[in-house]
Amino acid sequence: MNRFRLPYHMLVEEGIFTRVNEVMSDCVPGIENKKVIIVTDRNLQGLFPDTLQELSRDFHNSEIYLVEDGSFDQAVDLAKYICMNDITVIIGFGGGMVLDLAKYAAFVSKSIFLCLPTTLSNDSLASPVAVLGTEGLKRKTFRCTIPSSIIVDVNIIMGAPEGQLLAGIGDTISKYTALNDWKLDAAATGNPIDDFAYMISKMAFNSICYNEEKSIKSKSFIKVLTQALVMGGLAMEIAGNSRPSSGAEHLFCHSLEENFAEEVYVPHGIAVAMGSVPACMFQKRNIEKIKHILHEYHLPVKPSAWKITEDIFIKAWQQAKNTRPDRYTILDTADLSRDALREIYAMMEEEF
C-alpha cells in the first residue's frame, strides 16, 4: 500500500493572502519569526507588488527570490541556497512554473512548502510531481512531495487571464479518459487500481462536469475549480503515480511538447482537453459527453487555432506512445493510421 500525506490546510477565501502567517500558526508555531523565502518571478512581482510586500511584512525574517525559468538547475540552485541559509519555509507565489520549481526545491531541502497560486491552470498546485526544464525545450517530470498547505485567494484568481482558467478546466476534463485508461491498464496488465484515488479523481471531473455555475470568473466557480484541481493532485499522491490524472490524452500533449515545440505551443490544460476527444473515440465511449462539456465552457480545442496542422496532429498521435513507452493506454490497441487520424482531425475542425 502506498504511503501518502495530505496538506495541513486547503483554504479558498477572499483576501486570505493578507493573513497567511495567522492561518499557518497552528501547524508551524512561531512561523512569523522563522526564516522565509517567497519564490516568484519578475512579472508577478510587477503585477502584485502590494501583495508581495504585505506577505514579506507578515514574516519578520523573509526575502523574495525571483526565478528566471522553470529549470531543474534553477530548482537545485534554490534548494542549495535554502540549505546554506537555514531557511525553514518556502512560499511559492505564482503559476505552474513557479510552483513546480519551489515545490521541488522544498522537497530537496526538506523545507515546509506553502503553495499560493496566482492562477488555476492545472493540478500542479497539489500534485506530488514537478515538471522542470532539462535541456533546450525538453522538460521532465520529477517526483517530489505535495505542499504542506494550499492557500488560494479568490480575489487574486479572479484577476487571472481567462485562458489560464480554461486550461485548468481542461486539465480536469481530461480525467474522463485518463481514468478509463487506468482501467484498461488494470485489465491488460493486472496492475491494481487504487479505488480511493480513482474515486477522488472522478469526483474532480464530476465537480466540473455537473457544476451549474458556468461563469468562470465567479467566486463560486473559482472555489469549485480549486477543489477539482486539488482533488486531482491528491489522487496522484494517494495512488503513488499519475494514473488517476494521466492517460493517452496526456501522451498526446507530451508528444506535442517534445516533438513540435518549435512549431506550436498549446497550454498544458488545453492540450490534454484537446487530446481527450480522440482518446475518447479510441476508447469507443460516448464522445458527445466530452463535446458537450467542451462547448459549455467554450474551451478552444480546435487544432488549427493553435497552428496544429493535420500533419502535426497525425504525427503527434503516432509518436505519443513513445513519450511513455512503459505506460499502457488505449494507444496500445488504437487505430493510429493516417486515414483514421485524418478523419478525427476533420471532425474536430468542424465541431470546435
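Is Glu237 buried or exposed? Glu237 is buried, with a relative accessible area of 5%, where buried means under 20%, exposed over 50% and partly exposed in between, using a 1.4 Å probe and protein chains only. This is a predicted model, in which local features need pLDDT of at least 70 and side-chain atom pairs count only at pLDDT 80 or more, while totals for chains, interfaces and linings use all residues. Residues are numbered from 1 along each chain as its sequence is written, and side-chain values use heavy atoms, with hydrogens and water left out.

**View 1. Arg143 and Glu237 meet in a salt bridge.** Their side chains come to 3.8 Å, N to O; a salt bridge here is a side-chain nitrogen of Lys or Arg within 4 Å of a carboxyl oxygen of Asp or Glu. Arg143 sits in strand β7 (residues 139–143) and Glu237 in helix α10 (residues 219–239), so the pair ties together parts that are 94 residues apart in sequence. Helices (H or I, at least four residues) and strands (E, at least two) are DSSP runs, numbered from the N terminus. Arg143 is partly exposed, at 37% relative accessibility.

**View 2. Asp123 and Lys175 form a salt bridge.** The closest N and O atoms of this pair are 3.3 Å apart. Asp123 belongs to the loop between β5 (112–117) and β6 (129–133), and Lys175 to helix α8 (residues 175–189), so the pair ties together parts that are 52 residues apart in sequence. Asp123 is buried at 9% relative accessible area, and Lys175 is buried at 1%.

**View 3. Glu310 forms a salt bridge with Arg342.** Here the closest N and O atoms lie 3.3 Å apart. Glu310 is in helix α14 (residues 310–318) and Arg342 in helix α15 (residues 338–351), so the pair ties together parts that are 32 residues apart in sequence. Glu310 is partly exposed at 28% relative accessibility, and Arg342 is partly exposed at 30%.

**View 4. Glu288, Lys291 and Glu351 are joined into one network.** The structure holds 15 salt bridges.

**View 5. Glu68, Asp69, Asp73 and Asp77 form a negative surface patch.** Patches are made of residues with over 30% relative accessible area and no salt bridge, with like charges joined within 9 Å. Asp and Glu count as negative, and the place of a charge is taken as CG of Asp or CD of Glu. Accessible areas come from the Shrake-Rupley method with a 1.4 Å probe. Glu68 is found in the loop between β3 (61–67) and α4 (72–84), and Glu68 counts as exposed, at 72% relative accessibility.

Notes
Patches are made of residues with over 30% relative accessible area and no salt bridge: like charges are joined within 9 Å, nonpolar side chains (Val, Leu, Ile, Met, Phe, Trp, Tyr) within 5 Å.
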